[in-house]
Amino acid sequence: MEILIHKQLPNHKKLHPIDEGALGFGDIYTDHIFKMDYFEGKWQNPRIEPFAPFVLSPAAMVLHYSQTIFEGLKCYRHPDRKLALFRPQDNFKRLNSSAWRMAIPYLDEEFLLQATKELLKIDGDWVPSKPGSSLYIRPTVIATEPHLGVRPAKEYLFFIMLSPVGPYYPEGFAPIKIYVEDFYSRSAPGGLGEIKAGASYAGSLLATELASQKGYTQLLWLDSKTHKLVEEVGSMNMYFVIDDTIVTAPLTGTILPGITRSSVLTVAKDLGIKAEERSISIDEILETQKSGRLTESFGSGTAAVISPVGCLCYNDTVYEIGNGKIGKITQTIYDELVGIQYGLKEDTRGWVELV
Ligand code: COI
């Protein structure tokens, strides 16, 4: 399919330069957006347009029944100024897993990569170069058909928007405080936990807000049945370093199969760090914390990268991890992964896709 291009003049980045050192997450958007419609049984009208608000019917099904999915990937500026995506094909593959689960029509993964690259060719000068900054890419599908009955929509909009970002958490690469949630659940077997559906994130807002009022940056979700097994933090997969082995929850259908998670496990094994995917209970974590065997904890995600965890709060007791400092294994994994993403270390695994 040919992508039509309607360019915006003037270039806002040049008119209002951004302060790359002060970037937060998700509030600044680039000049253009990629869009494509689904109607009459096929995806059509791929186009790049100036970034602008949408016109949407108040009856659009996404507004009533949350039929929407999204992805998150990043574009990094390498020292030679080239633009590099990190494992983009994996994101588009996961977008289709999400689409299948939400009864949204399949999207051509190769074409989505091509569209992303076309958009980056136009808005590429928005990719920041300061360490820790990058361009966050948000592919999204929404059900646009106006209809109030409950069924999969027959019309959709797919779009890709771009946002120059700094650290996801205000702490940056510094230990965050996590509240262990033992009442509300993020997902249940057979539910939406392993896909990127807007609805999952909506369902996590109240508990996260309550934890935030107590001073915690994120929630650690436990399994919905026993409230004992550790699952994930809504924006990150989680890891616990016990006896020098990284332990992370297995992909049993209720947690997100993170692309950064898969990269962490690969990098760890290649560096000779032991890593296990197994069920781990909050009781085991607290016991190993008390006996000194739990030395580090961190989370991983596209937005969050690698985020050290300084303490967990469970049942009103605060458990400090690694004296609240960044652990050695956490730092090693961070350096290796970030090194590859920013082109400072050799990409021996074919993860980097130049634009
Ligand atoms: C990502 O890491 O890309 C995500 O989608 C998480 C989101 C909560 C920002």
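Residues are numbered from 1 along each chain as its sequence is written, and side-chain values use heavy atoms, with hydrogens and water left out. Because the model is predicted, local features need pLDDT of at least 70 and side-chain atom pairs count only at pLDDT 80 or more, while totals for chains, interfaces and linings use all residues.

**Stop 1: the cavity**

Select Gly72, Leu73, Lys74, Tyr76, Phe86, Asn91, Ile259, Thr260, Gly301, Thr302, Val305 and Gln341, which line the largest cavity. A cavity is a set of points, on a 1 Å grid over the protein atoms alone, where a 1.4 Å probe fits but cannot get out; lining residues have an atom within 4 Å of a point. The search of the whole structure finds one cavity of 30 Å³ or more, and the largest has a volume of about 100 Å³. Volume here is the space filled by probe spheres set on the points, with grid points joined across faces, edges and corners.

Now colour β5 (73–77) and α7 (259–270), each of which supplies at least two lining residues. β5 gives the most, with three. Helices (H or I, at least four residues) and strands (E, at least two) are DSSP runs, numbered from the N terminus. The cavity lining divides into five nonpolar, six polar and one charged residue. Ala, Val, Leu, Ile, Met, Phe, Trp, Tyr, Cys and Pro count as nonpolar, Asp, Glu, Lys and Arg as charged, and the others, Gly among them, as polar.

**Stop 2: the largest pocket**

Select Tyr168, Tyr201, Gly234, Ser235 and Met236, which lie nearest the centre of the largest pocket among its 31 lining residues. A pocket is an open set of points with protein on both sides within 12 Å along at least five of seven lines. About 560 Å³ of space lies in this one. Elements that each supply at least two lining residues include β7 (134–143), α6 (205–213) and β12 (236–242). Domain 1 (4–165) and domain 2 (176–341) both contribute to the lining, so the pocket lies between them. The domain bounds come from an automatic or database domain assignment.

**Stop 3: the second largest pocket**

About 340 Å³ of space lies in the second largest pocket. Select Gly132, Gly166, Pro167, Val305 and Tyr334, the closest to its centre of the 25 residues that line it. Then show β5, β16 (305–314) and α9 (328–341), each supplying at least two residues of this lining. By class, the lining has 14 nonpolar, eight polar and three charged residues.
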